[in-house]
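The sequence and the structure come first.

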Amino acid sequence: MTSPSEAAPTGSEPTTLEPVKAEGGDGQGTADHIGKSPGQLMWQRFKRDRAGVISAYVVGFFVLIAICAPLISKLYGKSPYTLYNSATGKPELFDPLGYPVKPNGGISGEFWFGLEPILGRDVFTLLIYSIRTSLAIAVAVTILTVGIGVLLGVAAGFTGGRTDTLIGRFTDLMLAFPSQLFFVAFMPVITTIFVAPEDATPTWLRVAVLIGVLAALGWMRMARIVRGVALAMREREFVEAAKVSGASNWRIIRKEMLPNLVTPILVQGTFELPLVVTSAAGLSFLGVGLVNPTPDWGLMFSRAADVSETVPTFMFFPGIAMVIFVVAFNLLGDSVRDAFDPKAAR
Amino acid sequence: MAAVLAAGALVLSGCSSGSEDTDSAQDEKDKAQKQQAQIPFGDAEASTGPAAEVKGAQEGGTINVMQRDSYAHLDPGQIYVSDEGSLSRLIHRGLTGYKSDAQGKQTLVGDLATDSGKPSDGGRTWTYTLKDNIKWADGTDITSKDVRHTFERQFAEFINDGPVFIQQWLANTPGTEYREMLPEGPYDGDHLPDSVLATPDDKTIVFKFKDPKPDLPYALAMPGYSMVSEAKDTKEKYDKDPMTAGPYKIESFKTGKSMTLVRNEHWDPATDATRNAYPDKYEITFNIQYETSTERLMADQGANKNSVSFNNQVDAATVPKLNEDPEAQKRKAAGYQPYVSQMAINMDRVKNKKVREAIAYALPIQPYQQAYGGPQGMELAGGLISPTVSGYEDGFDPFGKLENPLGEPAKAKKILEDAGEVGYKLTWGYINTPEGQNYSPTMEDTLEEAGFDVQRKEISAETYYDEIGLVDNKFDMYVSAWGADWPSASTVVPPLYDGRQIQDGSSNYSHTNDDFLNKEIDRVQKITDPAKAAKEWNKLSQYVVKDLVSNIPMTYYKQIQLHGSNIGGVQYDDVIGALDPRKLYLKQ
């Protein structure tokens, strides 16, 4: 039951007379909430959660940086693909060991976050482009995992019986695959099939394979959650009613079940995204994801770990950025869940 | 068949910083050159024991040894890798061995033999006489029968990890055809004919070859040709429990865990000109990674004061810290390893010499050095002969790589333009290790700048040498590293650049096949004067760089090793590319 205090209206929300949709929660039974859609209620609760709002701004900031990375680096006047420690760069900025001559990893007015040891890339543009790469991959993977997971989950939960068993065992099977090993084994096969032996593997292919493998091995959590909810919902009155009224299965799934699945999907989705960012970074960290000089968070970390004793600043910027990003996204996920489903115990 | 560098295994990985001590770097180089300008063959006097005392040395005590890898082989016939080679110096004895003086100057002397060998018939026949009073660890005499047995068992199938030089020379065949000469080894009562290997009495051994083999004393000093007892030979089982003759014997060996060496009471120092053997005992512990041994030896606390590592080097990430620690600096031994890295251009695919020249001018070699730890991990190379090998020539640098280690893309571009090859598609297979990821983008970038269309393909580290070793590989160039088996370029030039060796898995990675070069190799191999041969080999290696442009020299490998403060007699040995275990003592 929604406690009256938690669900009390703020007063600023305009009330509408929109009819109440088929909804599982009993919350709208209280007199105060008559005339508000679940979406509006959620929005109302969310806005009152300060941690959630701040996290949302932080996440928004990261997304903005990712989208505007080319613009920012243009204004800043550098590219993450320029190798300064080379004949065509500025080798005088590096000592014989390949480390920046200036202290703190070469931080200066020209290079705000310093320079990468040995390869000599500008750390600032490298970082914002890394965020761009990682976020793009994560968003794509999350959309795919949500899509596959919801489709299979609903199919299993709604149909039940043999289909459920089949999809359930398939889910178990997929869960058993170690994604890193799978990727290590998979990449050379793809390379042999799609790339001529004389040609370098194009970056888009690496990204596509990365997204494909992460999605193929990442939808299971979503599918299991959705299946559980769908299974419980199948027996509910409004679904029964729809069945009796002669609605097709497809219509029932679309109109009756999916709207009620939004909460678990959205909540799981927001938890999924930072997980994908870290696991993609993990793959690159191990040397099986993307390769230099493609800017990538995982590659930055693996490099930073090597030089952390000598150039701590190189770990500092991507590290702080990653911590803030993951924490903010998780807090956002928490807040979204709380707002949608205030009954769920913390 | 030789010391190909296992991908990254022996190499400083990562990076380092701090100021380079140029003085000591120069010292190392001087030392290496002094030593290796020519390792002379010692006469009977030089081969007579006991070995010269190490100044200030004390007898007794137990030295702790930290090693990364357990020893896979103890049978001399199976020993090829360098860490087993270090151990072999303490437990096994061969016909010849290297004696180093207090300055590190090396002489090749007789170990069990009275001298480094008496050649006759223009170097086709070599005669060795065994010293008196040489005994196995069980007290029985070492006789010429054991020597004969040692070489005959090398023909048996189960000996498959050791060197094959002498077998090939005796059989006068390439590859592994030598096994046909004595397929079962000596175990069925068959022996090599006296026309090849003769033992007229208990003390005399005569090798007879079809062609002059001036390098035989070097080859005999390889750990792989140490003596095996005929009476105690247990064939395959010998690998775990060998009979030894050196100053120490194996008290216990737990694979992957530990090994204890104790004194061999039957070893007579008067018969040994090369070994000192001060401590009573060595306690060797395995599975200690470079990071751990470096940390412990730098801390130098408690039992670590009595510790050393035969082969572990300072891990690259700690080098900057070491540079700022004057106390630990005093406890380091640094020197060269025998490996030379080079960019091998696939001559079957890149046929235009102008294109190869453009690559040579454009290729930046400094990123490679920096990826492997900077000037303390590697030295930029001008030639293909390492400073640890006779015939090394300082200053040879036809493409100006030492002055422009970042490459000269502009100059290369002009060559490409003149040749009408701008946009040349260059497929480069590089090793997918953290180091490879660090140097390859800069190389690609600079080559692109020079007008190449670079296709950079990563190759997994596990299969790297297998893939680039295929004759019809689809790469235009790749990096390879090679180390000489003994300090003579006869173990470098023929295996790497002899066109008749080209086959899958051969070490001629560039597929160099030049009539002039092939003929010259045959000629130089027959030169019996080592100094003259060294000069000729160097000339041939320069011909490869300058005239064929099939291999671009990149770096010479180096390393730093640490030891505890109670360990004395630490001296870096360029022959084994590690500190010399024979001179160590414990300060008490």
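In which sense do strand β10 (residues 258-263) of chain B and β11(B) pair, and over how many bridges? In this predicted model, the two strands pair in the antiparallel sense, over five bridges. Within that pairing, Ser258(B) stands opposite Thr285(B) of β11(B).

Strand β11(B) spans residues 281-285. It is also joined by five bridges to strand β2 (residues 62-66) of chain B, and these two strands run parallel. Here Met66(B) has Thr285(B) as its bridge partner.

Most residues other than glycine have a negative phi, and most peptide bonds are trans.

| Cis peptide bond | Omega |
|---|---|
| Asn292(A) and Pro293(A) | about 5 degrees |
| Gly49(B) and Pro50(B) | about -5 degrees |

Both prolines are in loops: Pro293(A) between α11 (249-285) and α12 (297-307) of chain A, and Pro50(B) between α1 (22-36) and β2 of chain B.

Positive phi values occur in chain B at two residues that are not glycine, Asn172(B) at about 60 degrees and Asp300(B) near 55 degrees. Asn172(B) lies in the loop between α4 (165-171) and β7 (197-198) of chain B. Asn172(B) counts as partly exposed because 13 other C-beta atoms lie within 10 Å. Asp300(B) is in the loop between α6 (290-299) and β12 (307-308) of chain B. With 17 C-beta neighbours inside 10 Å, Asp300(B) is partly exposed.

Terms used. Residues are numbered from 1 along each chain as its sequence is written. Chains are lettered from A and ligands numbered from 1 in the order in which they are written. This is a predicted model: local features need pLDDT of at least 70, side-chain atom pairs count only at pLDDT 80 or more; totals for chains, interfaces and linings use all residues. A residue is buried if 20 or more other C-beta atoms lie within 10 Å of its own, exposed if 12 or fewer, and partly exposed in between; C-beta atoms are placed from the backbone. Helices (H or I, at least four residues) and strands (E, at least two) are DSSP runs, numbered from the N terminus. Two strands pair if DSSP finds at least two bridges between them.
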